[in-house]
Amino acid sequence: MSILYELKNIEHYYDEKKVLDIENLTLHKNQIIGFFGPNGSGKSTLFSLLSFICKPTTGEIFFEDLNKIDSEIKKSIVILPQNPYLLKRSVFENIAYGLKIRDENENLKEKVEEALALVGLDSDFSKRKWSQLSGGEAQRVALAARLILKPKVLILDEPTAGVDTNSAQLIKEA
């Protein structure tokens with residue numbers, strides 16, 4: 001099985017406090033992997049490192065056997081944080097935003113509709129304003145905004161926290 005990530009001798013600190021200590025961790029391609037632990041155990045910090053939002057205090061992270069991480073690799077990794085932020089715009093604009101900043105403007109309407117369908121929302125939903133969304137709907141829109149980018153790696157940080165059972169099931173299916 002091909003290696004996606006390899007972490008070696010990772011330590012990460014906030015101020016003087018060690019929040020992460022990983023001697024060796026290998027993650028393989030084409031898998032769904034879950035990390036479980038109590039609040040404050042370092043899961044979100046690990047996700048920030050895996051998405052190259054920040055660098056570890058010490059140690060090395062290899063992605064597909066590479067130790068040089070360029071902008072193309074970073075674009076192939078997408079994270080949905082615990083509390084996703086939506087732009088104060090329509091659902092369509094929120095979902096299409098990532099493609100627009102990448103200058104991928106072809107067939108936006110169809111791509112947005114496809115992303116909405118993946119999270120169990122119909123195409124008319126794209127006309128709604130961000131302020132009209134329930135918590136579960138906002139989480140699904142945020143997920144659609146990540147899925148539309150067709151990432152190689154999708155990191156979800158507690159994607160079903162604070163949403164109803166039906167929304168949680170739709171998020172898991174997506």
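User: Buried means under 20% relative accessible area, exposed over 50%, and partly exposed in between (1.4 Å probe, protein chains only). Which class does lysine 100 fall in?

Analyst: Lysine 100 is partly exposed, at 32% relative accessible area. This is a predicted model, where local features need pLDDT of at least 70, side-chain atom pairs count only at pLDDT 80 or more, and totals for chains, interfaces and linings use all residues. Residues are numbered from 1 along each chain as its sequence is written, and side-chain values use heavy atoms, with hydrogens and water left out.

User: What does the lysine 100 side chain meet in a salt bridge?

Analyst: Glutamate 93, at 2.9 Å from N to O. A salt bridge here is a side-chain nitrogen of Lys or Arg within 4 Å of a carboxyl oxygen of Asp or Glu. Glutamate 93 is partly exposed too, at 27%.

User: How many salt bridges by that rule?

Analyst: Eleven.

User: Switching to helix H2. Which residues pair up there?

Analyst: Lysine 75 and glutamate 72 form a salt bridge, 3.4 Å from N to O. Both sit in H2 (residues 71-75), three residues apart, about one turn of the helix. Helices are DSSP runs (H or I, at least four residues), numbered from the N terminus.

User: Which residues are linked in a network?

Analyst: Glu11, Lys18 and Asp21 are linked by salt bridges. Between lysine 18 and aspartate 21, the closest N and O atoms are 3.2 Å apart.

User: And how accessible is lysine 18?

Analyst: Partly exposed, at 37%.

Definitions and conventions
Helices (H or I, at least four residues) and strands (E, at least two) are DSSP runs, numbered from the N terminus.
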